[in-house]
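Colleague: I have just opened this model and would like to learn how to read it. Could you walk me through it, feature by feature?

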Amino acid sequence: MAPRQAPTILQRRFGTELRRLREATGMSAPAAAEHLGTDRTVISNVEAGRFGISEERLRRLVSIYECDDPALVDALVELTGGRRSGWWEEYRGKIPPSFLDVSALENYATRLRTVQIAHLPGLFHTEDHARAIFELPAPPLPRLEVELRVAHRIARQAVVTGDHPIPYVGVIHEAALRMQLGGRSVARAQLQYLLEAGNRPNVTLRVIPFAAGGFPLLGDSSVLYAEAPNSHLDTVQMDSPTGAAFIDSPAQLANFRTRLDLVEKVALTPSKSRDVIRTIVKEL
């Protein structure tokens, strides 16, 4: 089996959880390979996301690891079978891989929670707003890549606006709402689109006003918490100067859940949040 050159976030997430199950038993990778009747390097490659594994072998492994969580096993089974195919694969090699990992994470999730301090939620961008963002980098991106990034960002919206939308809870700081990216008319149209998105039954948008002062996650410009079919497979994605960062350790996930709960307590109700957005639209 040829190793994957660039494992996706879901392949890496799958391998990480298998490693945790193995380590929980105190079993070494060579010992696991011996129980499975395979080469010792197979286990390390699977745990790194470089190799895939069949459902049959996966079930044998989790049995060896004495995993007694059928829901977790089923969730892991769903991730077997090589690269998870999705609409975002058509952009592979054309835009940064981390963009595709975010798409895969969103499409695998059962619920999304976000906190946005400096930017509006990417799942609710208009084309003009997205284009204004992708025209900011210095040196500037080639025009074709800008348009590909815009098309990809708009396509991402299907996860919350398509035939099978998942629940979405987004907390947005007032600072992000007041940034006039692309000019006043683009900013006005973007906020109106955001108001329309908030009318969807699966979407909850809440605003943190300037008057709220400090709150947890204030120093993080963007946080995405993707709830998986099984909580062991939840993942946090954060923006960083070098690209998307993904967090999945149990302790850190628990910490983020607590901090997100605290942030939501600081935010205005959905109704009052809509009033704030409407006020900003009138001011533009």
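Modeller: Gladly; let us begin with the sheet, an open one of 6 strands in the order 3-2-1-4-5-6, with mixed pairing. Strands pair if DSSP finds at least two bridges between them; strands (E, at least two residues) and helices (H or I, at least four) are DSSP runs, numbered from the N terminus. Please keep in mind that this is a predicted model, where local features need pLDDT of at least 70, side-chain atom pairs count only at pLDDT 80 or more, and totals for chains, interfaces and linings use all residues. Residues are numbered from 1 along each chain as its sequence is written, and side-chain values use heavy atoms, with hydrogens and water left out.

Colleague: Which strands stand at the edges of the sheet?

Modeller: Strand 3 (203-208) and strand 6 (243-247) do; each has a single partner strand, so one side of each is left without a neighbour in the sheet. From one strand to the next, the twist averages 15°; here axes are lines fitted to C-alpha atoms, for helices over the stretch in contact, and angles run from 0 to 180 degrees between N-to-C directions.

Colleague: How many bridges join strand 1 to strand 2, and in which direction do the two run?

Modeller: Strand 1 (residues 111-116) and strand 2 (residues 168-173) are joined by 5 bridges and run parallel. In strand 2, Gly-170 is opposite Thr-114, and Ile-172 is opposite Gln-116. Strand 1 also pairs with strand 4, through 6 bridges, and those two run antiparallel.

Colleague: What about strand 2 and strand 3?

Modeller: They run parallel, joined by 6 bridges, and Val-207 of strand 3 stands opposite Ile-172. In a regular strand, side chains alternate between the two faces of the sheet.

Colleague: Is strand 3 mostly covered or mostly open?

Modeller: Mostly covered: 5 of the 6 residues of strand 3 are buried, where buried means under 20% relative accessible area, exposed over 50%, and partly exposed in between (1.4 Å probe, protein chains only). Strand 1 is mostly covered too, with 5 of its 6 residues buried.

Colleague: How should I think about the core?

Modeller: In soluble globular proteins, nonpolar side chains tend to be buried together. A nonpolar core is a set of buried Ala, Val, Leu, Ile, Met, Phe, Trp, Tyr and Cys residues joined through side-chain atoms within 4.5 Å. The largest one here has 72 residues, and those with the most contacts inside it include Leu-18, Phe-124 and Leu-177. Helix 6 (residues 97-108) gives the most to this core, with 6 residues. A second, separate core of 16 residues includes Val-171, Phe-215, Met-238 and Val-263.

Colleague: Which residues does Leu-177 touch?

Modeller: Leaving out residues up to four places away in sequence, Leu-177 touches Leu-120, Ile-172, Leu-191, Leu-194, Val-207, Ile-277 and Ile-280. Contact means heavy atoms within 4.5 Å.

Colleague: How do I describe two packed helices?

Modeller: By the angle between their axes and the distance between the axes. For helix 6 and helix 8 (residues 143-156), the axes come within 11 Å and cross at roughly 10°. The two are therefore roughly parallel to each other (under 35 degrees counts as roughly parallel, over 145 as roughly antiparallel, 65 to 115 as roughly perpendicular and the rest as oblique). Helix 6 contributes Phe-99, Leu-100, Val-102, Ser-103 and Glu-106 to the contact, and helix 8 contributes Arg-149, His-152 and Arg-156.

Colleague: And where is the cis peptide bond?

Modeller: It joins Ala-138 and Pro-139, with omega about 0°. Pro-139 lies in the loop between helix 7 (127-134) and helix 8.

Colleague: Are Glu-66 and Leu-217 buried or exposed?

Modeller: Glu-66 counts as exposed, at 66% relative accessibility, whereas Leu-217 is buried, with a relative accessible area of 4%. Glu-66 has a positive phi near 60° without being a glycine, and Leu-217 has a positive phi of about 75° although it is not a glycine. The loop holding Glu-66 is between helix 4 and helix 5 (70-78); the one holding Leu-217 is between strand 3 and strand 4 (222-227).
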